[in-house]
Amino acid sequence: MRRFPAGWEVPADDAVLLSLAGGEVWCQPLPTWSIWFAGSAPERKFEAWRQWKLADVCLLVRSGGPKLEPLASSPAIAALMECTQALIGDMIRRWPAQLRRRYHCNAFAFTERLQQACPAKLLSVPLEADWGGFLAAHFPYGEGETEQRGFTGR
């Protein structure tokens, strides 16, 4: 997050709650893991009551970039489904098979609608380099804008 351009706000840490309303995607921060695991990181608190209209979905890849490219629908849906599995996969494995199937069908339907409302892009960035300027050029954020932009990743 320290590589983000000046003026950007980081509204969440590990995960966000996404919802669809009126064809738009909204996100709200969830509590950070550092709140639950004392000593693992400095405690950070986010305003879970706030929500932002999601303008972009970028799947972060650590590579030689920086590069931003659109993703086709099927790979984007698969990658977004993988993100949800990483967060709650262990819990789901304990559910009865019928409940797991129902969850996966609902998650797939939501992810498909998410991809239609806000098509995902692949953001390739080198881990060690400063790519804040690249982000600022592709995702302008200034004092006059009414929407805030930020990223979250797993």
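Which strands does α3 lie across, and at about what angle does α3 run to β1?

1. α3 lies across β1 and β2, and runs at about 75° to β1. Angles here go from 0 to 180 degrees between N-to-C directions, with axes fitted to C-alpha atoms. Helices (H or I, at least four residues) and strands (E, at least two) are DSSP runs, numbered from the N terminus.

2. A quick note on the source: this is a predicted model, where local features need pLDDT of at least 70, side-chain atom pairs count only at pLDDT 80 or more, and totals for chains, interfaces and linings use all residues. Residues are numbered from 1 along each chain as its sequence is written, and side-chain values use heavy atoms, leaving out hydrogens and water.

3. The sheet is open, with 3 strands in the order β1-β2-β3 and antiparallel pairing (two strands pair if DSSP finds at least two bridges between them). Its edges are β1 (16-21) and β3 (52-53), each pairing on one side only. Between β1 and β2 (residues 24-29) there are 6 bridges, and alanine 21 sits opposite glutamate 24 in β2.

4. Now the helix pair: α2 (residues 73-93) packs against α3 (residues 97-117) at an angle of about 145°, with the axes 10 Å apart. Residues in the contact (heavy atoms within 4.5 Å) include Leu80 and Ile88 of α2 and Tyr103 and Phe108 of α3.

5. Cysteine 83 is partly exposed at 28% relative accessible area, while cysteine 105 is exposed at 54% (buried is under 20%, exposed over 50%, partly exposed in between, with a 1.4 Å probe and protein chains only).
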